[in-house]
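Please find below my notes on the model you sent, written so that they can be read beside the sequence and the coordinates.

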Amino acid sequence: MVDLNRAGADGMDDDEAVIRVEDLTMGFGSMVIMENLNFSVRAGEIFVILGGSGSGKSTLLKHMIGLYSPIAGRILIGEADMARAEGAEREDILRQVGVTYQMGALFGSMSLMENVRLPLEVHTDLPLEAMNRIARAKLQLVGLAEYGDFMPSEISGGMQKRAAIARAMALDPKVLFLDEPSAGLDPITSADLDQLIRRLASTLGMTLVVVTHELASIFAIADRVIMLDKETRSIIAEGDPRVLRETNDHPWVRRFLRRSETEDQSA
Amino acid sequence: MAEKEHAAAAALRYSVREGSPARMALAGRMDAYSVGPVWTSVLEAAARAAGTGELVVDLSDVTYCDGSGAALLYSLEQSAAQRGGALRMNGVTEAVEGHLKPYREAEGVVSARPPQDQPWSRRLRDGVSTVGQEIFSQIAFIGEYGSALVGAVRHPRRVRWGDTLRVAEAAGFQALPIVSLIAFLLGVILAFQSAIAMRQFGAEIFVADLVAISLLRELGPLMMAILLAGRSGAAFAAEIGTMKVNEEVNALTTMGLDPVRFLVVPKILAGVFVAPLLTLYANLIGLLGAALVMRGFGIPMVAFFNQVSDAVDLTDLTSGLFKAAVFGLLVASVGCLRGLQTGTGAAAVGRSTTSAVVSAIILIVIADGLFAVLFYQLEI
């Protein structure tokens, strides 16, 4: 079994990589989006994938969770290659990762409680009482315990995203992937969500891989970032965003992280 | 003292020692997969060993504990409290405390939904109000689209004829294969079933009268309308419903475009236009199917079609086509209405589609009954 239990909660080596992307080339058909990407995600860190619109951030995330197959290269989750894993090995990996999508992707015909309970029903032998207890605690963790019997259509967009995080955490994954968690949210809701993400990493020792281009969120949550560049189809910066903002020489990186209107202002 | 060791298929083991205090030792992994198989037995063993006394749970041999493991620990806590006993945990790490926290916090949280338990008078009032609103919205829709149709007749240039033709092609031309199959089989079955009975009286030739009158006046329009409801009425409801869910209908409104004129009128015109054409085509194919069967009974095709032309007149054909046009109007209208009434979420689109087909079939049958009475009174 692929084991990702290296997170801080287990008291294991935090510096060890839980995800390693090696020489990854991705695209659709003959169209290559990114070439020869190499990076790793360490246990217990919040790792943010940055880039402009259309740079392939969400596509990279979908490769990392095995929804798309790469043109070349490997994506190692623990010791297993996500791109080539099949059958039981693939299921093992997927059980240890949780994913939330841009629009939340909650099932509209189920209450929040049923949404969160679903992965437990499918993958475990827990009695109903235990599943309800776990689902309720996950909703409590994201501040929605009192909305368990609400349908997704009855709550706001921000609440839907938090509920989606609760569902993704139902099986206590070691790695949580979040695609644009704060997109379309007001600054206060977005800041609350950032706080929640930080809390998940610090108190539960979860590793988080986040795709976002919300500047405030990046500085609030990221331990490390990589920045994708559409033109060169490669990673143009990697490291602590606060340090990159001050020291990186790449004009586009400085402009992105300082939110400058022109290149001159940022240089 | 009895000591029992249990090892589940998953790697969580527990042992219990009775006494004062009773002791339970947990060892191995505590996650969603390992606690499931032993959940009930752990709780039962703890209750048996401790009763109303104190239970000490030792976690020092637990190698891993996440939220699901914490759920079991919290359930032990709760179960001890319900028995009136006490529970103490040894070897609880900071991480386990972190996982236990949301369980303790969630205790006592009540639903944000207002209580649903209302008196019968209130529920009756709400029920009547819902039905009233439904009737009101249908009347409003009929008024709105009636005015849009009058507008289309008065200003034909404002009608989106491109969309109308596209819908007509999808609802009409693309339906020809299924219409052909159903109509042909209908003609074959009608002819075959009636020919067996008629043969006993040597009256096979009158099968042509029976099939032609049934198809032209009744079965042709009715079958086509039901096909149209299942195929196109459902598609209209799903298309408009999805647009409603995606707020495209709101976008039309805020752009100053009337959704009824923009979305509904082309579909209704297409429905009214294609239903008689499909019926005419179905009548021909049905008669062809019947003619082929009768050929097997020794009646040449020429004789069959001569008999058909003697049996029916233009009124039979036009009354059937008129009915088909009305059925087309009903199917398209109810499909669009259900689409516009769609709520939020994917399930709402499914409900609208189902409702569109069911409502259309009910309306078709009611209208057919009314036509039967009307045509009888008018001696058509």
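This is a predicted model: local features need pLDDT of at least 70, side-chain atom pairs count only at pLDDT 80 or more; totals for chains, interfaces and linings use all residues.

1. For chain A, the domain assignment gives domain 1 (1-96 + 178-239) and domain 2 (108-172). The C-alpha centres of domain 1 of chain A and domain 2 of chain A are 23 Å apart, and the contact takes seven residues from domain 1 of chain A and seven residues from domain 2 of chain A. On the side of domain 1 of chain A that touches domain 2 of chain A, the largest share, three residues, comes from helix 6 of chain A. The residues of that side of domain 1 of chain A divide into four nonpolar, two polar and one charged.

2. Chain A has an open sheet of six strands with mixed pairing, and their order is 6-7-8-3-9-10. Strand 6 (97-100) and strand 10 (234-239) of chain A stand at the edges with a single partner strand each, so one side of each is left without a neighbour in the sheet. Neighbouring strands of this sheet are turned against each other by 15 degrees on average, direction ignored.

3. Within this sheet, several of the pairings can be followed residue by residue. Strand 6 of chain A pairs with strand 7 of chain A in the parallel sense over four bridges, and there Gly98(A) has Leu176(A) of strand 7 as its bridge partner. Strand 7 of chain A is in turn joined to strand 8 of chain A by five bridges, the two running parallel, with Val210(A) of strand 8 as the bridge partner of Leu178(A). Strand 3 (residues 46-51) and strand 9 (residues 224-229) of chain A also run parallel and are joined by five bridges; here the bridge partner of Gly51(A) is Leu228(A) in strand 9.

4. Are the residues of strand 7 of chain A buried or exposed? Five of its five residues are buried, and strand 7 of chain A is thus mostly covered. In a regular strand the side chains alternate between the two faces of the sheet. In strand 7 of chain A both faces are covered, with Val175(A), Phe177(A) and Asp179(A) buried on one side and Leu176(A) and Leu178(A) buried on the other. Helix 6 (residues 187-204) of chain A lies across strand 3, strand 7 (175-179) and strand 8 (207-211) of chain A, and runs at about 155 degrees to strand 8 of chain A.

5. A further open sheet in chain A has four strands in the order 2-1-4-5, with antiparallel pairing. Its edge strands are strand 2 (31-42) and strand 5 (80-81) of chain A, each of which pairs on one side only. Strand 1 (residues 17-28) and strand 2 of chain A run antiparallel and are joined by eight bridges, and Val21(A) has Phe39(A) in strand 2 as its bridge partner. Helix 1 (residues 57-64) of chain A lies across strand 1, strand 2 and strand 4 (72-77) of chain A, running at about 120 degrees to strand 1 of chain A.

6. How many residues does each chain bring to the contact between chain A and chain B? The contact takes 31 residues from chain B and 31 residues from chain A. On the side of chain B that touches chain A, helix 1 (32-50), helix 2 (67-83), helix 3 (94-106) and helix 12 of chain B each supply at least two residues. The residues of this side of chain B divide into 17 nonpolar, ten polar and four charged.

7. For chain B, the domain assignment gives domain 1 (3-108) and domain 2 (137-377), and 66 Å separate the centres of these two domains of chain B, taken over C-alpha atoms. Helix 12 (residues 346-377) of chain B has 32 residues and reaches 47 Å from its first C-alpha to its last, close to the 46 Å expected at 1.5 Å a residue. Its buried residues include Val349(B), Ile364(B) and Phe371(B), and the buried residues of helix 12 of chain B pack against helix 7 (207-245) and helix 11 (314-340) of chain B. Helix 12 of chain B is followed by Glu379(B), whose phi is positive, near 55 degrees.

8. Arg29(B) lies in strand 3 (residues 22-30) of chain B, and Arg29(B) counts as partly exposed because it has 18 C-beta neighbours inside 10 Å. Leaving aside neighbours within four places in sequence, Arg29(B) is in contact with Ala11(B), Leu12(B), Ser34(B), Thr63(B) and Tyr64(B). Arg29(B) and Leu337(B) are 308 residues apart in sequence and, C-alpha to C-alpha, 56 Å apart in space.

Definitions and conventions
Residues are numbered from 1 along each chain as its sequence is written. Chains are lettered from A and ligands numbered from 1 in the order in which they are written. The expected span of a helix is 1.5 Å times one less than its number of residues. A residue is buried if 20 or more other C-beta atoms lie within 10 Å of its own, exposed if 12 or fewer, and partly exposed in between; C-beta atoms are placed from the backbone. Two residues are in contact if their C-beta atoms, placed from the backbone, lie within 7 Å. Domain bounds come from an automatic or database domain assignment. Two strands pair if DSSP finds at least two bridges between them. Axes are lines fitted to C-alpha atoms, for helices over the stretch in contact, and angles run from 0 to 180 degrees between N-to-C directions. Ala, Val, Leu, Ile, Met, Phe, Trp, Tyr, Cys and Pro count as nonpolar, Asp, Glu, Lys and Arg as charged, and the others, Gly among them, as polar.
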